[in-house]
Amino acid sequence: APLGMKFDAANKVSLYLLGSNYVVIENFNDSKVDMTLELPALNEVKKALMLPEDGTMVLTSFKNSISIKDLSPRTLVVLQYK
């Protein structure tokens, strides 16, 4: 909240902030998970990296919110936002 952000996710899901426009989300679960991230301002978001490469997710954004549905188990994703 002090940074104007809100992260809503299941247990064993981590959020790492990198620089001024990257976030890393990592799912340590053995099942798919959903999450949302609200930012102070958001114009565009895109996937920069996913490990493993065959990991899957459904990425959407609306206003200041990023939504990820069905992030595959044991997967890390790097998102770039503006």
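Me: Which residue in E7 is the bridge partner of Phe62?

Reply: Strands of a sheet pair through backbone hydrogen bonds, either parallel or antiparallel. Two strands count as paired if DSSP finds at least two bridges between them; strands (E, at least two residues) are DSSP runs, numbered from the N terminus. Here, Phe62 has Ser65 in E7 as its bridge partner, and E6 pairs with strand E7 (residues 65-71) in the antiparallel sense over five bridges. This is a predicted model, in which local features need pLDDT of at least 70, side-chain atom pairs count only at pLDDT 80 or more, and totals for chains, interfaces and linings use all residues. Residues are numbered from 1 along each chain as its sequence is written, and side-chain values use heavy atoms, with hydrogens and water left out.

Me: In what order do the four strands of the open sheet lie?

Reply: The order is E1-E4-E7-E6, with antiparallel pairing. Strand E1 (6-9) and strand E6 (58-62) each have a single partner strand and stand at the edges, so one side of each lacks a neighbour in the sheet.

Me: Why is strand E3 largely enclosed by the rest of the structure?

Reply: Buried means under 20% relative accessible area (1.4 Å probe, protein chains only). Strand E3 (residues 22-27) is largely enclosed because five of its six residues are buried.

Me: Which strands does E3 join through six bridges?

Reply: Strand E2 (residues 13-18) runs antiparallel to E3 and is joined to it by six bridges; Val13 stands opposite Asn27 in E3. Six bridges also join E3 to strand E8 (residues 75-81), again antiparallel, and Val24 has Val78 in E8 as its bridge partner.

Key: Buried < 20%, exposed > 50% of the residue type's maximum accessible area, 1.4 Å probe, protein only.
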